[in-house]
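Subject: Structure for you to look at

Hello,

Here is the structure I promised to pass on. Please open it first, then read my notes below.

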Amino acid sequence: VNSFFNTTVVPETDEQLYHVAEFWTYPHGFGDCEDIALAKRRQLIQDGWPASTLLMTVVKDTDGEGHAVLMVRTDRGDMILDNQDSTIRDWRQSPYHFLKRQSQTDPAMWVGIADTRPSLILAGN
């Protein structure tokens with residue numbers, strides 16, 4: 001699922017597609033990070049994963065920019081499905097700074113993440 005959506009959805013910003021800064025929707029061939037994460041979530045639910053284990057998550061990437069990933073809660077830890085990296089890894093092995101995620105009990109609620117790991121922000125040239 002991770003690789004499929006990472007390779008079949010052409011990256012385009014909401015500004016390019018909808019002429020707005022932020023618009024969360026399912027991709028139709030084109031989309032940005034949250035659109036791709038939503039598609040992965042929907043497909044995994046269709047494949048039988050409980051919705052409460054598939055949490056939209058907001059992070060800051062290594063450039064300090066906002067980014068969305070899908071956190072999958074498993075018996076091996078909280079794994080990250082990311083459109084910028086096809087490697088599925090534990091969230092603590094991700095280079096991102098985690099800010100918030102959907103609540104497991106109410107997907108309309110967001111909960112903060114206490115990410116106390118040192119942040120790695122890459123300076124531009």
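A residue counts as buried when its relative accessible area is under 20%. Keep that cut-off in mind for what follows. Note also that this is a predicted model.

Start with strand β5, residues 77–82. Six of its six residues are buried, so the strand is largely enclosed by the rest of the structure. β5 pairs on two sides of the sequence. Strand β4 (residues 66–74) runs antiparallel to β5, with five bridges between them. The two form a hairpin with two residues between them. Threonine 74 faces glycine 77 across that pair. Strand β6 (residues 85–90) is also antiparallel to β5, joined by three bridges. Here too there is a hairpin, with two residues between β5 and β6. In this pair, isoleucine 80 stands opposite arginine 89.

Next, glutamine 102. It belongs to strand β7 (residues 97–102). Its relative accessible area is 9%, so glutamine 102 is buried. What does its side chain meet? A polar atom of that side chain lies 2.8 Å from the backbone nitrogen of methionine 56. The backbone oxygen of proline 107 is 3.1 Å from a polar side-chain atom of glutamine 102. Contacts beyond four places in sequence include Arg41, Leu54 and Trp110. Threonine 57 is 45 residues away in sequence, yet the C-alpha atoms are 6.5 Å apart.

Last, histidine 19. Its place is the loop between α2 (14–18) and β2 (30–31). Histidine 19 is exposed, at 63% relative accessibility. Its phi is positive, about 60 degrees, although it is not a glycine. Most residues other than glycine have a negative phi.

Best wishes

Technical notes:
Residues numbered from 1 in each chain as written. Predicted model: local features only at pLDDT ≥ 70, side-chain atom pairs only at ≥ 80, totals over all residues. Heavy atoms only, no water. Helix = DSSP H or I, 4+ residues; strand = E, 2+ residues; numbered from the N terminus. Buried < 20%, exposed > 50% of the residue type's maximum accessible area, 1.4 Å probe, protein only. Contact = heavy atoms within 4.5 Å. Polar contact = N/O pair within 3.5 Å; in protein donor to acceptor, adjacent residues only side chain to side chain. Pairing = 2+ DSSP bridges.
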